[in-house]
Amino acid sequence: METTSKAEKSTSENIPAGWIGGFAASNPAFAYPNPDLTSLPMPDNMLNIDKLQRQQAVKWPEFSWETQKGQPDPKRCYQMFAPDISRIGYTDTGKVYSIICPQQGISSPTLGTLNVEVTVTGTRGWVNEDNKELAADMGVVGKIWFSPGAKQNFIVKQLWDHFEKSYLPFPSKKSQAIVVFTSIVGNPEQPIFPLSKGQSTGFPIPDFAKHEEEAWTVGNLNVQIGAIKKTGYPVVDEFNKFIMDIFNLGSGNMLQKDNILTWNVWFTPPELVDQDEWASHARKWRESIDADHGSPEGPGTKARYYDGTPFKVGVNTLKKDVENEVIKVTEEIIKKEEHSKLFNFLENIEGEEKDKILNSLKKM
């Protein structure tokens, strides 16, 4: 007896009427194997919500990166970001106008929760529901900022207060986030890169990061991490560098300069767009309700290695002189590394907040 997969069932039962198609074939240059979309304008990602008619949600945004880039064993990690935030929006003919990208939270033993988002600056492309393919160009930047709950952390509160009194842009909200540039792999001067059909290639993908039985289709992206955007305020730039060091310590160098961040976006079947709901959804995450409040369908997964072993912060090891037994770095050692970086930053500021932080660190 012939069986039908869950994906096939949802596909045949739930796709709304109204699909016309044709945009993917409107220019021969758009076709695979090498879609050329440069003839299309690339407007701001939020400019054309009034043109959106259909969408596909990214229920499973599966990210991957090397935690020890350049080493014989780079210890590649895999992590699903918060689900059901991302989506791609397009017209009945398949012209793409908007893509919403995911967020995730990273926890620091010293500073609490930091948010990270892949923020889309512009996009262009096509979707073809007939063959489940898509092709798009995107520009993105990484953004890192403190979640609201981080202010409950004594050290963060003192730093927060210091920057506010100085009228300096502390990354306490998304509009003042630390911005990390990205580019197409191998060309730091080219900030536009493709969203392509299928899964990423070039490294193995574990079963726990695949959703072939549930998803409608899948696309993949690869970006190379660039420099931190300068703010024009030396003390803020120094602080942002400090935070990026902390972030990369806690995330396994996810946004380390020159590292390559890859993600597979697993889509659910097409739906009709409610433009008011799209704008509200986009606004909520554009302005950000932050990691403290969670995502629509719960948090993402913990970072794991290919064999499913959880990623451990501080993969450096210590060895006993006699027994040569490897000891995993503990949270206390990570705290010491964070404190060392914090001491280095505090040399750049003066004021009562600095003294309060130093006194607090002495008690830890």
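**Exercise 1.** Why does Tyr305 count as buried?

*Solution.* The model is predicted, and local features need pLDDT of at least 70, side-chain atom pairs count only at pLDDT 80 or more, and totals for chains, interfaces and linings use all residues. Residues are numbered from 1 along each chain as its sequence is written, and side-chain values use heavy atoms, with hydrogens and water left out. Buried means under 20% relative accessible area, exposed over 50%, and partly exposed in between (1.4 Å probe, protein chains only). Tyr305 has 16% relative accessibility and therefore counts as buried. Phe311, at 14%, also counts as buried.

**Exercise 2.** Classify the aromatic pairs Tyr78–Phe203 and Tyr305–Phe311.

*Solution.* Rings of Phe, Tyr and Trp (its six-membered ring) pair if their centres lie within 6.5 Å; planes under 30 degrees apart are stacked, over 60 edge-to-face, and the rest tilted. Across the whole structure, 17 aromatic pairs are found. Tyr78 and Phe203 lie 6.4 Å apart, centre to centre, with 50° between the planes, and the pair is tilted. This pair links distant parts of the chain, as Tyr78 and Phe203 are 125 residues apart. Both Tyr78 and Phe203 are buried. For Tyr305 and Phe311, the values are 6.2 Å and 70°, giving an edge-to-face pair.

**Exercise 3.** Identify the charges placed over the rings of Tyr32 and Phe208.

*Solution.* The criterion requires NZ of Lys or CZ of Arg within 6 Å of the ring centre and within 35 degrees of the ring normal. Lys197 lies over the face of Tyr32, 4.4 Å from the ring centre. Arg304 lies over the face of Phe208, at 3.8 Å from the ring centre.

Definitions and conventions
Helices (H or I, at least four residues) and strands (E, at least two) are DSSP runs, numbered from the N terminus.
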